[in-house]
Amino acid sequence: MRMRPTLSWTPGADLPPGTTDLAPVIDALRAGGVLVLSGAGISTESGIPDYRGEGGSLSRHTPMTYQDFTGSPDARRRYWARSHLGWRTFGRARPNAGHRSVAAFGRRGLLAGVVTQNVDGLHQVAGSEGVVELHGSLDRVVCLSCGTFSPRRDLARRLEEANAGFAPVAAGINPDGDADLTDDQVGDFRVLPCTVCGGILKPDVVFFGENVPPRRVEHCRELVRGASSLLVLGSSLTVMSGLRFVRQAAEAGTPVLIVNRDATRGDRLAVTRVALPLGPALTAVADRLGLSVEDTATA
């Protein structure tokens, strides 16, 4: 039996306190071989809210689960109406100093890889290469019947034509690109089928309650095994999809360093948690390493 996903975690009072000392992060990057694991917090400065931080979207929004999406035509209508609207705003987001810093670290050869829990593609836009998208990407759509992949922009064009005049004002946009709309705003939004077989279309992202593909998980485990240290950026590590790699690193004696303003579920396994905003913190790290952050973004 599938259980509802874990969406929240309450920090214990005995967690080690955060610090503002960036020296351990700088030292780890100087040594090289750092594997970056990023979460929604790295994209907040790009205007995309996170799930669990101050003002996070979980305070007002319950993400769509895989079970609801596949089991209910009405749920799919609500999702695609909200996601279609959110896609317009989501696509305008630009990389921030955090993304550009990670790209700069990679260009200098300091990284063993980048694994992101985000579906926004901003690491790649900033110039990072070989990014492992743990939870997939909103740029792609997959048919649940025939397995055909297609660009999201193609579906967006079809949805525009099928829902002419659909332009409600959303209360907010969430980390998964899902806009906050009421049922009245969703109305009779028309959902479109796969053009190949007529099956159900789903964004190529891992919904809450859905499993990350095993091959992708194993690839990430291989990256952890080959890394000199694991640097977690902007993730509360509430869900197991990211926490498993922190546990793997800690069990192997690989140092875990976290940069996140709030406490995380992995704090007890980390050698340090830097409690600073990611953009300024990583810009300061890049500066200490002699790297220019502003010159790393791509057009």
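Which hand does the crossing of H3 and H6 have, left-handed or right-handed? The legends below get to that, working from a predicted model.

**View 1. The whole chain, before zooming in.** We're looking at a predicted model of a protein chain with 10 helices and nine strands. Of its 299 residues, 53% count as buried. Take the contacts between residues at least 6 apart in sequence: 75% of them join residues at least 24 apart.

**View 2. Helix H1 and its buried residues.** H1 covers residues 23-31, and Val25, Ile26, Ala28 and Leu29 in this helix are buried. These residues sit on the same side of H1, because the arc they cover around the axis is only 165 degrees. The spacing rule behind this kind of pattern is simple: an α-helix has 3.6 residues a turn, so residues three or four places apart point the same way. Just after H1 comes glycine 32, with a positive phi of about 80 degrees.

**View 3. H3 packed against H6.** Here helix H3 (residues 73-90) meets helix H6 (residues 152-162), at an angle of about 115 degrees and with axes 11 Å apart. Angles of 65 to 115 degrees count as roughly perpendicular, so that is how H3 lies to H6. As for the opening question, the crossing of H3 and H6 is left-handed.

**View 4. Who touches whom between H3 and H6.** On the H3 side, the contact is made by Trp80, Ser83, His84, Trp87 and Arg88. H6 brings Arg152, Arg153, Leu155, Ala156, Leu159 and Glu160.

How values were computed. Residues are numbered from 1 along each chain as its sequence is written. This is a predicted model: local features need pLDDT of at least 70, side-chain atom pairs count only at pLDDT 80 or more; totals for chains, interfaces and linings use all residues. Side-chain values use heavy atoms; hydrogens and water are left out. Buried means under 20% relative accessible area, exposed over 50%, partly exposed in between (1.4 Å probe, protein chains only). Helices (H or I, at least four residues) and strands (E, at least two) are DSSP runs, numbered from the N terminus. The arc is that of the directions from the helix axis to the C-beta atoms. Axes are lines fitted to C-alpha atoms, for helices over the stretch in contact, and angles run from 0 to 180 degrees between N-to-C directions. Angles under 35 degrees count as roughly parallel, over 145 as roughly antiparallel, 65 to 115 as roughly perpendicular and the rest as oblique. A crossing is left-handed if the near helix is turned anticlockwise from the far one by less than a right angle, and right-handed if clockwise. Contact means heavy atoms within 4.5 Å.
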